[in-house]
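Subject: Structure for your files

Hello,

Here is the structure I promised to send over. My notes on it follow below.

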There are 2 protein chains.
Amino acid sequence: MEEQLSERGKRILEAVIEDYIATAEPVGSRTLTKSHALALSPATVRNVMSDLEEMGFLTSPHTSAGRIPTDKAYRLYVNSILEVRNLTRDNREEIKRRCQLAGKDISEVLKETSRLLSSTSSYMGVVMAPRFAANVFRQLEFVRLSSHRLLAILVSQNGAVQNRLIETDHEIGQDDLVRMGNYLNEQLKGLTIAQVRERLLFEMKSEKVRYDAMLSQAIVLSEATLKSDDTQIFVEGQANILEQPEFHDAAKMREIFRAFESKGLILDLLDRAMQAEGVQIFIGSESHLVKMEGMSLITSTYMTGKDTVGVLGVIGPTRMGYGRVIPIVDYTAKLISRLLETE
Amino acid sequence: MEEQLSERGKRILEAVIEDYIATAEPVGSRTLTKSHALALSPATVRNVMSDLEEMGFLTSPHTSAGRIPTDKAYRLYVNSILEVRNLTRDNREEIKRRCQLAGKDISEVLKETSRLLSSTSSYMGVVMAPRFAANVFRQLEFVRLSSHRLLAILVSQNGAVQNRLIETDHEIGQDDLVRMGNYLNEQLKGLTIAQVRERLLFEMKSEKVRYDAMLSQAIVLSEATLKSDDTQIFVEGQANILEQPEFHDAAKMREIFRAFESKGLILDLLDRAMQAEGVQIFIGSESHLVKMEGMSLITSTYMTGKDTVGVLGVIGPTRMGYGRVIPIVDYTAKLISRLLETE
DNA sequence: ATTAGCACTCAAAAACCCAGAGTGCTAACC
DNA sequence: GGTTAGCACTCTGGGTTTTTGAGTGCTAAT
């Protein structure tokens with residue numbers, strides 16, 4: 001059944017996919033012979049297309065329309081037919097220009113990166129901030145806001161900052177805070193955030209801490225700081241998606257927006273993408289998420305030094321310009337990695 | 001020309017508005033007499049409606065459709081007809097429950113507030129973070145990330161945090177940073193952020209600093225930290241807007257999303273809303289922004305202590321449930337003010 | 001002043017028709 | 001054999017026409 005795909009079959013499949021990517025319309029034998037210079041008659045093409053349909057690479061929405069590629073076809077396409085174009089110099093320049101971290105908040109940089117991805121690809125950009133837990137602890141700082149309220153600021157090696165408001169039962173003076181801070185910073189130096197957490201839980205039970213009210217207070221506070229590691233995700237350029245003809249229909253639009261409103265869905269996907277290093281492509285139903293039907297995701301991980309710390313990418317319709325977008329994602333990820341290098 | 005509106009006229013106008021709010025369909029004399037128990041025949045109602053149209057309170061999209069309220073009508077409605085309902089206990093409880101700042105990032109709290117506004121109103125929630133420049137300086141902290149890169153963390157009185165990555169030319173040691181920090185914190189205590197900035201620019205030129213390389217370095221660094229006060233705005237629940245029948249049409253949807261993509265538009269509006277204290281309502285074209293045609297904005301300022309520091313609200317179609325939404329916005333703003341109190 | 005009655009209007013929905021793009025099949029062709 | 005021309009058939013989308021029904025404005029009666 002699964003007979004080998006002939007060279008000609010491939011060529012025609014490619015042509016169909018490219019036509020469909022360009023027009024978003026089902027493509028028929030006739031149009032195909034015209035737009036692509038295949039030295040074949042429509043009738044022949046029809047036969048081949050019929051075969052491709054049988055093999056599961058094409059479907060027709062109804063009997064007398066043209067045919068559209070299936071997810072399986074896209075998969076084949078990106079795996080073995082597509083040749084990735086190089087980025088133009090302009091593109092590269094623009095990306096470099098807009099990924100500049102000096103003088104900015106780190107999350108601001110990531111948001112800008114997301115915006116950048118969206119505007120250069122003209123689909124949706126998505127960036128997942130470095131997972132905090134995997135980062136290396138750098139410094140913990142307490143700032144007293146009022147008698148019962150203080151602010152904990154946690155800084156990681158690569159410059160990511162998290163802060164938490166903390167309400168305390170007892171009054172705490174500024175000098176207490178400084179002492180606590182010093183103690184903790186000493187203790188926790190060089191650990192990853194996840195390790196820090198373990199350490200704190202462990203210390204909570206130790207003899208020494210048990211008899212020092214202030215220390216135990218400090219531990220409790222920093223524990224509070226660490227829990228709830230809500231990973232930040234930046235999704236930008238949703239309006240771009242609305243431009244795509246396949247989503248012109250209002251109901252579909254709404255569905256998509258609802259889906260992306262809670263970041264949970266994307267988080268799942270990106271988490272999965274982080275398992276492997278480098279560029280990855282999820283096509284439509286491959287993600288096994290119903291909501292992602294008709295959409296593809298191109299991601300790449302980025303790193304600081306040797307550790308994969310995050311992932312970024314582009315979400316668009318399955319019918320997206322893979323050849324154009326893949327290098328954008330790839331290059332951007334590499335650039336971010338370079339920027340985040342701790343030297 | 002501008003004759004006085006009769007009592008009956010008001011009653012009917014109210015009925016029209018309420019019907020239109022409920023159905024989003026032009027309302028005719030017949031339907032009106034049925035839904036609202038007016039002891040009048042359709043014909044009479046027609047006459048009155050005709051008068052209202054002449055006075056500019058109603059328009060008809062075409063001759064044989066019902067009528068819809070104009071912006072002017074909404075204005076009259078919210079000013080002198082509408083009676084604001086009280087919040088239900090449930091509503092109040094939910095708002096309280098979800099506005100909880102302990103253990104969270106301050107911007108996380110604001111984002112959640114925005115989400116809350118959107119979900120309780122079922123329109124779009126919007127929150128503008130406290131304008132940083134107006135805040136009172138609390139602490140400035142430098143963290144050394146690597147030999148040429150450091151992180152400046154600026155904390156304001158109410159717990160808002162901004163941080164910036166800074167690249168330096170010369171190498172700077174950790175102890176230098178501590179000394180700089182101490183010096184600056186001493187100097188800048190109690191000033192507003194805006195004043196801090198002025199002060200720094202002034203100090204840059206002073207004799208004392210000119211001859212102390214380290215100090216001048218510190219000044220330059222903190223200047224870098226302060227510039228670009230990008231006010232954060234949180235807009236949530238855009239998908240809610242898509243649910244509204246008046247935006248079912250795809251082109252309109254896209255337009256709205258494009259408009260809100262750059263936060264500039266909203267920023268303008270919110271800035272204006274911040275001029276006056278308390279709840280404010282902008283109806284459709286009143287905002288003089290073409291993009292806001294067909295949309296209304298209900299805002300309220302919130303404060304820490306006696307100072308107005310930010311503004312939050314709900315954006316929806318002009319045809320929105322004012323009576324329901326106004327108290328939501330009002331209550332939320334008050335709650336946030338309470339939470340931000342420095343004690 | 002109010003209302004019943006009536007002729008008139010208009011947009012939206014339904015019904016209808018037609019052209020065009022596409023298919024599958026068969027038979028001829030190289 | 002693979003390829004192609006020819007043909008009958010199918011379906012969708014777009015345009016036109018018809019119908020329907022809610023709504024209006026006016027006039028005349030209450």
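A residue counts as buried when its relative accessible area is under 20%. Tyr74(A), at 2%, is therefore buried, and Tyr322(A), at 0%, is buried too. Please keep in mind that this is a predicted model.

Aromatic pairs

Over all chains, the search of the whole structure gives three aromatic pairs. In one of them, the ring centres of Tyr74(A) and Tyr322(A) are 6.0 Å apart and the planes meet at 50 degrees, so the pair is tilted. Tyr74(A) belongs to helix α4 and Tyr322(A) to helix α14 of chain A, and 248 residues separate them. In chain B, Tyr74(B) and Tyr322(B) also form a tilted pair, with 6.0 Å between centres and 45 degrees between planes. Both Tyr74(B) and Tyr322(B) are buried.

Charges over rings

Lys72(A) has its charged end over the ring of Phe57(A), 4.7 Å from the centre. In chain B, the charged end of Lys72(B) sits over the ring of Phe57(B), again 4.7 Å from the centre.

DNA strand C

DNA strand C is surrounded by 20 residues, and Ser29(A), Arg67(A), Arg8(B), Thr44(B) and Ser64(B) are the closest. The side chain of Thr44(B) has an N or O atom 2.4 Å from a phosphate oxygen, and a polar backbone atom of Ser41(B) lies 3.3 Å from a phosphate oxygen. A base oxygen is 3.2 Å from a side-chain N or O atom of Arg46(A). Helix α3(B) gives the most to this surface, four residues.

Regards

Terms used: Residues numbered from 1 in each chain as written. Chains lettered and ligands numbered in written order. Predicted model: local features only at pLDDT ≥ 70, side-chain atom pairs only at ≥ 80, totals over all residues. Heavy atoms only, no water. Near = heavy atom within 4 Å. Polar contact = N/O pair within 3.5 Å; in protein donor to acceptor, adjacent residues only side chain to side chain. Helix = DSSP H or I, 4+ residues; strand = E, 2+ residues; numbered from the N terminus. Phe/Tyr/Trp six-rings, centres within 6.5 Å; stacked < 30°, edge-to-face > 60°. Buried < 20%, exposed > 50% of the residue type's maximum accessible area, 1.4 Å probe, protein only. Lys NZ or Arg CZ within 6 Å of the ring centre and 35° of its normal.
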